[in-house]
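Hi,

Here is the structure I promised to pass on. Have a look at it first, and then read my notes below.

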Amino acid sequence: MDTAPGAPAPVVVEPEVFDTKVVVVLREGLLPWQELNVTAFLASGIAASAPGLVGEPYRDADGGTYLPMLRQPVLVMTATGEQLATARAKAAQREVPTAVYTRDLFSTGHDAANRAAVAAVAAADLDLVGLAVRGPRNAVDRITKGARLHP
């Protein structure tokens, strides 16, 4: 590709290869606003789960700056309530970091209430409407087996 004399050379960015995978799994049948809300909360849990997951701030050509985001892609899938419960159990068994969102959290109003709502229910009885996992690709694939890509 030719560039005009004095013009900056085009930036060539090599794709980054990740040894981990991030997947958000949503319960089938949620309303659109619920899907978006659950996805946002679960992605924030993944972002906070380990150093280096969030990239550098963004900057536009005018010098405006924007917040950094997760460095790697996030797959969004759907599953039944039973599949979510199975995925949570598999993630716990494999010690894969997991974020959960239960149906009760739609009616709470702040972080402390959210944590209290989850703490009040045994793991096997959580009414999951979403979960997010980040871990080795093969482990995440096994954990989310049966879930489908979100339409």
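A quick word on burial before the details: a residue is called buried under 20% relative accessible area, exposed over 50%, and partly exposed in between, using a 1.4 Å probe and protein chains only. By that rule, F41 is partly exposed, since its relative accessible area is 44%.

Please keep in mind that this is a predicted model, where local features need pLDDT of at least 70 and side-chain atom pairs count only at pLDDT 80 or more, while totals for chains, interfaces and linings use all residues. Residues are numbered from 1 along each chain as its sequence is written, and side-chain values use heavy atoms, with hydrogens and water left out.

Now the overall picture. The protein chain has four helices and seven strands, both taken as DSSP runs numbered from the N terminus (helices are H or I with at least four residues, strands are E with at least two). In sequence order, the pattern reads β-α-β-β-β-α-β-α-β-α-β. The radius of gyration is 19 Å, whereas a compact globule of 151 residues would come out near 15 Å; that radius is taken over C-alpha atoms, and the globule rule is 2.2 Å times the number of residues to the power 0.38. The C-alpha atoms fill a box of roughly 65 × 35 × 30 Å along the principal axes. Of the 151 residues, 30% are buried.

Next, the aromatics. Rings of Phe, Tyr and Trp (its six-membered ring) pair if their centres lie within 6.5 Å; planes under 30 degrees apart are stacked, over 60 edge-to-face, and the rest tilted. The whole structure holds three aromatic pairs. In one of them, the ring centres of F41 and Y101 are 5.8 Å apart with the planes at 50°, so the pair is tilted. This pair links distant parts of the chain, with F41 in helix α1 (residues 32–47) and Y101 in strand β5 (residues 98–102), 60 residues apart. Y101 is buried, at 5% relative accessibility. Y101 also makes a tilted pair with F106, at 5.3 Å centre to centre and 50° between the planes. Ring pairs join W33, F41, Y101 and F106 into a cluster.

On to the charges. A salt bridge here is a side-chain nitrogen of Lys or Arg within 4 Å of a carboxyl oxygen of Asp or Glu, and the count comes to five. One of them joins D141 and K21, at 2.4 Å from N to O. D141 sits in helix α4 (residues 137–143) and K21 in strand β1 (residues 20–27), so this bridge ties together parts 120 residues apart in sequence. K21 is buried at 16% relative accessibility, while D141 is partly exposed at 38%.

Through shared partners, R27, R103 and D127 form one network.

Last item: G55, in the loop between α1 and β2. G55 is 15 residues from L70 in sequence, yet their C-alpha atoms are 6.0 Å apart in space. Leaving out residues up to four places away in sequence, G55 touches P68, M69 and R71 (contact means heavy atoms within 4.5 Å).

Cheers
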